Amino acid sequence: MNTDQHDMIEELYMEMYDMLLAYASCTFPEQSLAEEAVQETFRIACQRPDQLCSSPNPKGWLVNT
């Protein structure tokens, strides 16, 4: 992951964490499971920065992940 990709993922994390947590909480009634789902989403993003950063809709990519 290069610096630009890192910065983009960090920015998306800061912007989207609360929304993704609310979304995950609809599926996972336990808060800890919802938090884990969001963490897993960003772990995948860090493993696939090229896919995320080249997506025409990175926010949508995260939601789909």
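At what angle do helix 1 and helix 2 pack, and how far apart are their axes?

Analyst: Keep in mind that this is a predicted model. Helix 1 covers residues 3-27 and helix 2 covers residues 31-47, and the two pack at an angle of about 145°. Their axes sit 9 Å apart, and the crossing is right-handed.

As for who does the touching, helix 1 brings Ile9, Leu12, Tyr13, Tyr17, Leu20, Leu21, Ala24 and Ser25. From helix 2 come Gln31, Ala34, Glu35, Ala37, Val38, Phe42, Ala45 and Cys46. Sort those contact residues by type and you get 13 nonpolar, two polar and one charged.

While we're on helix 2, have a look at Thr41, which is found there too. Thr41 counts as buried because its relative accessibility is 11%, below the 20% cut-off. Leaving aside neighbours within four places in sequence, Thr41 is in contact with Leu62 and Thr65.

Now zoom out for some context. The chain has four helices and zero strands, so reading along the sequence gives α-α-α-α. Its C-alpha trace spans about 35 × 20 × 20 Å along the principal axes. Among contacts with a separation of 6 or more, 49% come from residues 24 or more positions apart. The chain exposes about 4500 Å², with carbon and sulfur atoms supplying 50% of it.

Conventions: Residues numbered from 1 in each chain as written. Predicted model: local features only at pLDDT ≥ 70, side-chain atom pairs only at ≥ 80, totals over all residues. Heavy atoms only, no water. Axes fitted to C-alpha atoms, helices over the stretch in contact; angles between N-to-C directions. Left-handed = near helix turned anticlockwise from the far one by under 90°. Contact = heavy atoms within 4.5 Å. Nonpolar A, V, L, I, M, F, W, Y, C, P; charged D, E, K, R; others polar. Buried < 20%, exposed > 50% of the residue type's maximum accessible area, 1.4 Å probe, protein only. Areas by Shrake-Rupley, 256 points an atom, 1.4 Å probe, with all protein chains shown as cover.
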